[in-house]
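Here is a brief report on one chain.

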Amino acid sequence: MGDGRWGGAGRRRFAGRWRSTGRALGRVIVVWAVSTLTLLLLAGLLPDFQLQSPDGDSLTRTAITAAWAAGAFGLLGALVWPLLVRALLLVPALVLGLLGFFLNGSLLLVALWVTPDGRGAADPETAVVVAAVMSAVASATSTALAVRDDDAYRSRLYRLTGRTRPRDPGASADAVPGTVFLQLDGVGHRVLRDAVADGLMPTVAAWLAAGHRLTPWHTDWSSQTGASQLGILHGSNEDVPAFRWYEKDTGRLMVSNRPASAVELQRRAVCRTGDGGLLSYDGASRGNLFSGGAEQVALVLSVAARRGRRNRSRAGYFAYFSDPANAVRTAGSFITECVREAYQSTRARLRHETPRISRGGTYPFVRAFATVVERDVVVAAVMGDMLAGRTAVYADLVAYDEVAHHSGPHGRDTDQVLRRLDRSIALIADVAEHAPRSYRIVLLSDHGQSPGETFEAVYGLTLKDLVRAGCGLPVPRRVRRTRSGSEARDAARDALRSALHRPVDEGDETARELPAKPSEPVVLASGNLGLVSFPDVPHRMTREEIDRRHPALLRTLAHHPGVGFVLVASAEHGSVVLAGDGTEVPVAELTDDGPLAAFGPGAARAVRRTDGFPHVADIMVNSMYDPETGAVHAFEEQIGSHGGLGGEQSHPFLLSPPDLSPPVGEGEELFGAEQIHRVLRRWLRESSGPQVPLETTPPQPDPHRLPADDPHRPPDDPADGSARPPTGPAPADPTPGPANGSARPPSGTAPADPTPGPADGPARAPADDPTGRPLHGPPVRDEKH
């Protein structure tokens with residue numbers, strides 16, 4: 001089996017060399033063709049430069065002569081020019097620069113001399129001009145072709161960092177390995193398995209064949225990036241009921257991908273846990289909503305609202321685009337992606353594909369930002385972190401999530417995105433071989449996506465219209481589409497504002513979502529999860545209060561065919577779940593059977609936990625879910641959605657190398673982002689890279705925690721309002737160190753970790769030689785199957 005594995009690796013390397021050779025040969029042919037056209041153009045413009053015999057030639061004969069001369073000039077330049085430069089190293093630089101023009105002209109005269117029948121001719125002065133133009137055109141063409149080639153880009157990065165050769169395994173035997181966490185936003189467990197089976201992700205397939213573990217996990221009820229990433233990076237996503245929600249005590253609309261909201265959510269998480277985050281020790285956070293306590297940040301939303309020198313998040317853009325080659329590489333891909341989206345949306349429209357939503361306006365540019373700009377900047381930052389030897393890196397690649405919202409989670413559009421994501425993973429994995437320390441690369445996702453027609457497309461009205469009808473309020477005749485909560489759309493807008501040093505205005509959405517009258521309900525959509533709140537009532541309304549005020553509302557919602565179930569507080573039962581068939585189950589008695597049976601294992605646990613949040617809405621509405629088709633109905637303008645319960649959206653994945661301990665015991669399952677945080681922390685400890693806890697201070701009460709006598713407070717919530725045993729509150733983003741990372745501790749040392757083992761089980765003791773263990777292990781093992 002081992003020989004077969006290495007034989008397979010050898011075949012992949014052989015195939016890779018052939019692909020690299022083919023791309024290089026293609027660039028040579030293109031440069032040759034462009035040089036030939038340049039010669040023909042110059043022959044028509046310059047009177048002393050000719051490519052024809054004195055009697056004249058046909059166009060075909062002239063083109064052959066130009067191609068011959070262009071090829072000869074390129075070949076002479078590749079073979080003779082380096083020898084001439086080496087022979088003239090002692091010549092002063094200025095003289096050598098001037099002499100270069102004449103030497104180049106001489107090479108062109110030789111190239112014209114060797115053309116068939118001597119048809120090419122030029123005066124020496126003209127030859128110098130033609131050679132200079134030819135060299136400039138050939139160089140520009142070659143550069144434009146190479147900047148989009150991964151191999152050329154990677155080689156150039158190695159030259160810039162001085163690491164042109166792979167790392168010597170013996171030289172880094174004593175250095176503890178680093179860890180890179182790559183989050184493939186929105187890629188569910190099933191999507192990843194299908195992509196591997198269909199050959200879309202050969203890099204991931206090779207890892208699985210080499211023994212990496214693929215483990216599915218269950219999200220919380222709020223299956224979206226804000227809740228999942230906050231739990232993964234900071235260990236607590238308590239009181240995050242949805243992507244967007246209304247807080248009665250502050251009158252504030254919280255939106256997970258708004259800078260001010262991200263800052264507050266991170267602050268609350270740090271206050272609860274008393275710890276800076278997963279990346280507190282020598283970490284880097286790239287393209288995330290939250291910093292994870294990292295000193296090195298780029299494109300991190302929770303620091304995007306800062307203005308001035310301390311906002312180093314936007315510096316990621318400037319650091320990347322300050323390199324002209326990067327700018328050319330990304331600009332070309334950006335234009336290509338816009339054209340690709342225009343073609344794909346037109347094709348879907350002409351073929352009358354369903355489900356389908358509008359993809360016009362600025363969406364092609366938003367998609368290109370997510371799939372090209374953000375990807376390139378984040379991948380470059382991660383590779384830089386690895387070459388700098390950082391201990392822990394967490395990065396989010398949002399390309400798939402953005403495209404799946406508008407094209408659906410399955411299909412040709414998303415298949416192409418998955419292929420390019422695999423190329424990015426391969427690029428990062430190859431760079432790891434040149435890093436000063438070995439790296440373990442962990443792939444994971446924050447949620448999946450469930451397909452389906454929008455609620456409005458199926459039933460002709462939005463959730464807001466249905467709620468208003470149930471309240472006896474007027475419903476507008478012309479229905480306005482519910483705004484999509486696309487992370488990439490808002491990230492593109494906020495990135496542009498941040499780059500221009502303009503404050504990010506969040507008042508527009510607040511004014512748009514809040515009702516004109518306080519007595520009217522606030523209706524918010526988070527994928528297929530809806531939230532209804534009554535802002536004029538300071539507390540969470542009970543079922544009895546809602547029935548007295550709007551007798552038909554709960555019945556209208558629970559009995560609608562597009563609604564799966566409704567959660568509402570009850571003075572009699574604490575809280576109850578209402579279903580369309582008239583079923584009413586108190587939350588305390590809720591199981592995965594009954595009204596939640598279709599939503600799978602863990603649904604009751606997720607609903608019960610959310611019910612205890614201080615800022616849970618008065619009414620929580622989850623759309624229907626069809627187990628046969630996997631479809632849900634999003635309350636937003638999305639045909640691939642996430643945010644609630646139902647289908648693939650609740651089942652992301654965790655892909656780990658075999659030299660890390662299993663994420664969960666045999667026969668057990670992972671539930672919730674907070675448990676994923678504990679697994680990742682355990683793996684960092686196994687790598688001898690523990691997190692540094694913040695300075696110990698007395699526990700601090702959380703102002704947003706429910707009182708001890710509140711019936712909705714979870715039973716495991718401390719009555720004194722303190723968090724789990726903390727080491728003290730701290731600001732969401734610790735004061736950064738030097739931008740060049742000079743203050744970072746040596747890669748081979750790390751302070752001891754005084755914190756106890758994770759709640760998911762005892763941590764495995766680190767190996768005596770973490771870099772001596774094989775990077776590849778037994779055949780693929782899927783923890784689920």
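**Surface patch.** W68, V110, W113 and V114 form a nonpolar patch on the surface. Together these residues have about 450 Å² of accessible area. One of them, W113, sits in helix α3, which covers residues 93-113. W113 counts as exposed because its relative accessibility is 69%, and exposed means over 50%.

**Backbone geometry.** Next, the peptide bonds and phi angles. The bond from T354 to P355 is cis. Its omega is near -5°. P355 belongs to the loop between α11 (324-350) and α12 (363-388).

H352 is found in the loop between α11 and α12 as well. H352 is not a glycine, yet its phi is positive, at about 55°. L299 is another residue other than glycine with a positive phi, near 60°. L299 lies in the loop between β8 (296-298) and α10 (315-321).

Are these two residues, L299 and H352, buried or exposed? L299 is buried, because its relative accessibility is 10% and the limit for buried is under 20%. H352 is exposed, because its relative accessibility of 63% is over 50%.

**Cysteines.** How many disulfides does the model have? The count comes to zero. The rule behind that count asks for a pair of cysteine sulfur atoms within 2.5 Å. As for cover, C271 is buried, with a relative accessible area of 15%. C471 is buried too, at 11% relative accessibility.

The table gathers the accessibility values.

| Residue | Relative accessibility | Class |
|---|---|---|
| W113 | 69% | exposed |
| H352 | 63% | exposed |
| C271 | 15% | buried |
| C471 | 11% | buried |
| L299 | 10% | buried |

**Confidence.** The chain averages a pLDDT of 77. Of its residues, 68% score at least 70. Over residues 1-9 the pLDDT is below 50. Beyond near neighbours in sequence, that stretch makes six contacts in the model. Residues 91-97 also have a pLDDT below 50. This second stretch has two contacts beyond near neighbours in sequence. Where pLDDT is low, the predicted coordinates should not be read in detail.

How values were computed:
Residues are numbered from 1 along each chain as its sequence is written. This is a predicted model: local features need pLDDT of at least 70, side-chain atom pairs count only at pLDDT 80 or more; totals for chains, interfaces and linings use all residues. Side-chain values use heavy atoms; hydrogens and water are left out. pLDDT is the predictor's confidence in each residue, from 0 to 100. Contact means heavy atoms within 4.5 Å. Buried means under 20% relative accessible area, exposed over 50%, partly exposed in between (1.4 Å probe, protein chains only). Patches are made of residues with over 30% relative accessible area and no salt bridge: like charges are joined within 9 Å, nonpolar side chains (Val, Leu, Ile, Met, Phe, Trp, Tyr) within 5 Å. Accessible areas come from the Shrake-Rupley method with a 1.4 Å probe; for residues, only the protein chains shown count as cover. A salt bridge is a side-chain nitrogen of Lys or Arg within 4 Å of a carboxyl oxygen of Asp or Glu. Helices (H or I, at least four residues) and strands (E, at least two) are DSSP runs, numbered from the N terminus.
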